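Subject: Structure handover

Hello,

Here is the structure I promised to pass on. Please open it and keep it in view while you read my notes.

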Amino acid sequence: GRGEGGEGGDLRGEEILMRVKSGLRRKQEKQRRKRTPVCLDSGHFEKGILCRKKPLPPGPPPPAGAPVVPRGMYIVPLVCPSYIAPDHGSVWYAGKEYRIATASGTPATEHVRITCHEHYKPSEIGSSTPRCRRDGQWEVGKVCEPIYCADYGKVQFGYVSTHDFVRAGTRIQITCHEWYQAVGMEEGGRPDPMCLDNGRFEKGVTCVPKPCPKTSEGPCPRGQRAAMSRGIEPRVSKEQVKDWEDELRRPLVGDYNPNVFDHEPRPYSLDISTSEDEFNPLPWPPNKHFNPSYETPSRLENLPKN
């Protein structure tokens, strides 16, 4: 055979021999491994058998139209973590209210709804129904802000306890001046109107003049009589105007008062009966506080006329 096959036949025979030797070696190696290895005198155990994972049985065929998943890849469902409820508000999901936070694991494309408690309103920034995005993050939602009412304004013949901005649910106090009383409570007015959630106050009372008591003895008090007669804040009476006119017509009296440090006589007590040609030592006007325009017709003309 060697002469016929030449070098090619020798190579083929060597290849067959190597395969046989390899098979014998694996067989001997398998035979040497034992299920119950014994501890030898050398202090080592005999070679034991090796354990390998059994192949899984083939599963059912995928349904028609299902996406083909490459071997070694896993499909993880996209979910979002818990949605934290805003301060002074709640989060609603699947018909349930959560005042702290929702449960984790909300699927992607699902949304929650945000509501605010009494006396608070949603902010302008953010969504009232934030959605769980496909990247596992929530959209930006709204927060809850307090509601405020502006200044109540002025009350005729009265005043309010504050003119600052107040939060919804807060009450202010209306107080009427003396000789005036609060009315309008029969029509729903309140002496302590509250700031409502719409940013406006409740209807408040108004102040009107008090009537003179029928059981009182003697004339009605002057301030109350003035308030009743006019229905507004008391004006200047004719008696007051007459008193002012009499005061203006009184002769002028200097307001110079000598003291221990000033022994000069009062200017008007000197003899000034000299003629106009003679030298007059007194300065004019005789008093620095004197005002020649004090008694002028123009001041009398500007008095209020009743």
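Below is what turned up, taken topic by topic.

One caution to begin with: this is a predicted model.

**The cores**

Start with the largest nonpolar core. It has 15 residues. Val166, Cys195, Phe201 and Cys207 touch the most other members.

Now pick out Phe201. Leave aside its neighbours within four places in sequence. Phe201 is then in contact with Cys149, Ala150, Tyr152, Val166, Ile172, Pro193, Met194 and Cys195.

**The aromatic pairs**

How many aromatic pairs does the structure hold? There are three. I describe two of them here. A pair of aromatic rings is described by the distance of the centres and the angle of the planes.

Take Tyr83 and Trp138. Their pair is edge-to-face, with 5.3 Å centre to centre and 80° between the planes. Tyr83 sits in the loop between strand S1 (79-80) and strand S2 (89-93), and Trp138 in the loop between S6 and S7, so the pair ties together parts 55 residues apart in sequence. Are these two residues buried or exposed? Tyr83 has a relative accessible area of 9%, so it is buried. Trp138 has 13%, so it is buried as well.

Next come Tyr152 and Phe201. This pair is also edge-to-face: 5.4 Å centre to centre, 80° between the planes. Tyr152 is in the loop between strand S8 (148-149) and strand S9 (158-160). Phe201 is in the loop between strand S12 (180-183) and strand S13 (206-209), so the pair ties together parts 49 residues apart in sequence. Phe201 counts as buried because its relative accessibility is 17%, and buried means under 20%. Tyr152 comes out at 24%, so it counts as partly exposed.

**A buried lysine**

Finally, find Lys142. It is in the loop between strand S6 (120-122) and strand S7 (144-146). Lys142 is buried, yet it has no salt bridge. Which side chain of opposite charge is nearest? That is Glu124, 8.0 Å away.

What does lie by the polar end of Lys142? A polar atom of its side chain is 3.2 Å from the backbone oxygen of Gly126. Outside the four places in sequence on either side, Lys142 is in contact with several residues, among them Pro86, Ile114, Pro122 and Ser123. Glu124, Ile125, Gly126, Ser127 and Ser128 are in contact with Lys142 too.

Best wishes

Definitions and conventions:
Residues are numbered from 1 along each chain as its sequence is written. This is a predicted model: local features need pLDDT of at least 70, side-chain atom pairs count only at pLDDT 80 or more; totals for chains, interfaces and linings use all residues. Side-chain values use heavy atoms; hydrogens and water are left out. A nonpolar core is a set of buried Ala, Val, Leu, Ile, Met, Phe, Trp, Tyr and Cys residues joined through side-chain atoms within 4.5 Å. Buried means under 20% relative accessible area, exposed over 50%, partly exposed in between (1.4 Å probe, protein chains only). Contact means heavy atoms within 4.5 Å. Helices (H or I, at least four residues) and strands (E, at least two) are DSSP runs, numbered from the N terminus. Lys and Arg count as positive and Asp and Glu as negative; His and the chain ends are not counted. A salt bridge is a side-chain nitrogen of Lys or Arg within 4 Å of a carboxyl oxygen of Asp or Glu. A polar contact is a pair of N or O atoms within 3.5 Å; within protein, one must be able to donate a hydrogen and the other to accept it, and residues adjacent in sequence count only if both atoms are side-chain atoms. Rings of Phe, Tyr and Trp (its six-membered ring) pair if their centres lie within 6.5 Å; planes under 30 degrees apart count as stacked, over 60 as edge-to-face and the rest as tilted.
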